[in-house]
Amino acid sequence: MKLKNVTEDDIYTLVGHTLAGRGYDDYESGLVKNLKVSETAIDAEMAGRSSPNYTVKVWYDDDGIDGNCTCSYSQGFDVCQHVAAVLFEWVYERVDEGVVESQIRQELERLSKSELTDLLMEAGKDNPVFYRRLRALVAKTGSEG
Ligand SMILES: [Zn+2]
């Protein structure tokens, strides 16, 4: 079991349906803050709905995935809805950079030259630094007009 292999099902198995449901609501309300992900653990802050922020930690080891929280339910060792919320944030919002980059490349290679040109022009409009690079191309080929 690795953190990046965690799925929705694992969350339900870990905390049960009731806590998972509450955790999902917390996740959807954007209460999960400052997700810090390492190879083996996730640290996060959890904004309380009517109470102070909690600190949540989720990790995996030989026993699988586990977590704790500073709220009164968890008392620093039990899983709670906040652990579930952090895991939902991780499962739904994470971006595996390597996979995404290769997928983007694959899609770009499918586009026609004129579609690529449109895309680059569009990017230039949104990004002045990139637009200067496009302008530099014109200067290079000397076809400015
Ligand atoms: Zn908690």
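A nonpolar core is a set of buried Ala, Val, Leu, Ile, Met, Phe, Trp, Tyr and Cys residues joined through C-beta atoms within 7 Å. Buried means that 20 or more other C-beta atoms lie within 10 Å of a residue's own, exposed means 12 or fewer, and partly exposed is in between, with C-beta atoms placed from the backbone. What you're looking at is a predicted model, where local features need pLDDT of at least 70, side-chain atom pairs count only at pLDDT 80 or more, and totals for chains, interfaces and linings use all residues. Residues are numbered from 1 along each chain as its sequence is written.

**Stop one: the core.** Select V56, V83, A84, A85, V86 and L87: in the largest nonpolar core, which has 27 residues, these touch the most other members. Now colour α1 (8–28), β2 (41–46), β3 (54–61), β4 (64–69) and α2 (81–93), the elements that each give two or more residues to this core. Helix α2 gives the largest share, 7 residues. (Helices, H or I with at least four residues, and strands, E with at least two, are DSSP runs numbered from the N terminus.)

Zoom in on V83. Which residues is V83 in contact with, leaving aside neighbours within four places in sequence? They are V15, V56, V58, G67, N68 and C69. Contact here means C-beta atoms, placed from the backbone, within 7 Å.

**Stop two: α1 against α2.** (Axes are lines fitted to C-alpha atoms, for helices over the stretch in contact, and angles run from 0 to 180 degrees between N-to-C directions. Under 35 degrees is roughly parallel, over 145 roughly antiparallel, 65 to 115 roughly perpendicular, and the rest oblique.) Among the residues making the contact are I11, V15 and L19 of α1 and V83, A84 and L87 of α2.

**Stop three: a loop.** Pick G30, in the loop between α1 and β1 (32–37). Buried or exposed, what does G30 count as? It's exposed, because G30 has 10 C-beta neighbours inside 10 Å.

**Last stop: α4 and α5.** Select residues 113–126 (α4) and 128–141 (α5), which pack at about 130° with their axes 6 Å apart. That makes α4 oblique to α5. L120, A123 and G124 of α4 meet F130, Y131 and L134 of α5.

Terms used: Two residues are in contact if their C-beta atoms, placed from the backbone, lie within 7 Å.
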